[in-house]
Amino acid sequence: MAAGAHRVFVSHLSGVAVFDPNGDQVGRVQDLVAMLRVGGRPPRVLGLVVEVVSRRRIFLPMTRVTGVESGQVITTGVVNMRRFEQRTTETLVLGELLDRRVRLVDGGEEVTVLDVAITQLPARRDWELDKVFVRRGKGGALRRKGETLTVEWSAVTGFSLEEHGQGAASLLATFERLRPADLASVLHHLSPKRRGEVAAALDDDRLADVLEELPEDDQIEILGKLKEERAADVLEAMDPDDAADLLSELPEEEKERLLALMQPGEAADVRRLLAYEERTAGGLMTTEPIVLRPDATVADALARVRNRDLSPALAAQVYVCRPPDETPTGKYLGTVHFQRLLRDPPFTLVGSIVDTDLRPLPPGTPLPAVTSYLATYNMVAAPVVDESGSLLGAVTVDDVLDHLLPDDWRETELHHGAPGMTELPEAADGR
């Protein structure tokens, strides 16, 4: 918003790219930091929370923002790269104000905050929250039917009160396009109370995807706040290997209670994985690779590979087994790689193009040997087969990396640049 600029609603700033004057990308906007003031005065916008390289979140003061226009934020080019830490006097606009229940000063009616707007004060670099977009009517399933209106900040009251049972619908709508790993980063930096509210509002599949990307402590905290029946549903929606990793960190009694609540088939897969040592092929594998019979066609294989719920590593190849075509009982015949599927006619039987040259991994193969196998043969996944020749599952490169990196790698701030991102020199920001 350049000089003489107009109002911007904060939901439109979420994920917006931040550039320096040379056009190099610094990062993306994750939230806004404001300071509430007494007497109904509009809060002052202190700055932006910007996610830079390796998900590090920094504070960008509004005094260093020279423009917000055409879907981008322009900075002066000098920012402090120190990690952002929220102070007790500060409020995260997206994370803490959206979905809050407040009251209209005129009449005392309770409304729900859907969005807020910021504006730049004339002839200054100071910014304020000046408008509030609200919906009348109670929260819940019928809330969308309520009338919406935009009012002055001074026309509502209740922002300074601690919110109990705050919803998360508008916040989730703001972040609905984020990848699970990015939404996990957002959740990690929310307060425990708000993190629980957002997790409760996510559907089971979305929450499962996000949990897989969160640090272990956050996973345990969120799972512990869910009702046991829902926790079991979320565990079922997770990849079996990720669910097993999470359950292995819980007390034995709680783990068994959740396994008992899961569907028998899903629980059986997880129990099988829990039986293996953690840093072995059996402990690393997923029990849900793509398995086909030898009389399946290339067209059948490509249809399975196109499943959007598959990770790229699992979609890179299919495993051919004699019936039954499922783990852990199907007799392993070999692998067909995705590139081979693209080269052969759709009517070709996968049994006729199966690769039998590469030996499968026994379930007890230690992590270093698994890593060497993938690196030696330039593979992103490898079959795990027991002594009887039955396919147990597949180890993917992403699961191997999870165990090669430090335990706190999801929270570690890397100090090297990444493509498309420019790390700028540190400068004082007055914080």
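Modeller: What follows takes the labels one by one, for a predicted model.

Colleague: Why is Phe 59 called buried?

Modeller: Its relative accessible area is 5%. Buried means under 20%, so Phe 59 qualifies. Phe 84 has 6% relative accessibility, so Phe 84 counts as buried too.

Colleague: What makes Phe 59 and Phe 84 an aromatic pair that is stacked?

Modeller: Two values. The centres are 6.3 Å apart, and the cut-off is within 6.5 Å, so the rings pair. The planes make 20°. Under 30 degrees counts as stacked, so the label holds.

Colleague: What does that pair tie together?

Modeller: Phe 59 lies in strand β5, Phe 84 in the loop between β7 and β8, so the pair links parts 25 residues apart in sequence.

Colleague: How do you know that Trp 153 and Phe 159 are stacked?

Modeller: Their centres are 4.2 Å apart, with 15° between the planes. Stacked needs planes under 30 degrees apart, so this pair passes. Both Trp 153 and Phe 159 are buried. A search of the whole structure gives 3 aromatic pairs.

Colleague: Why do β2 and β7 count as paired?

Modeller: They share 3 bridges and run parallel. At least two bridges are required, so they pair. Phe 19 stands opposite Ile 74 in β7.

Colleague: And what makes β6 and β7 a pair?

Modeller: 4 bridges, in the antiparallel sense. The requirement is at least two, so this passes as well. Val 65 has Thr 75 in β7 as its bridge partner. β6 and β7 form a hairpin with 2 residues between them. In the turn, Ser 70 has a positive phi of about 50°.

Methods. Residues numbered from 1 in each chain as written. Predicted model: local features only at pLDDT ≥ 70, side-chain atom pairs only at ≥ 80, totals over all residues. Heavy atoms only, no water. Phe/Tyr/Trp six-rings, centres within 6.5 Å; stacked < 30°, edge-to-face > 60°. Buried < 20%, exposed > 50% of the residue type's maximum accessible area, 1.4 Å probe, protein only.
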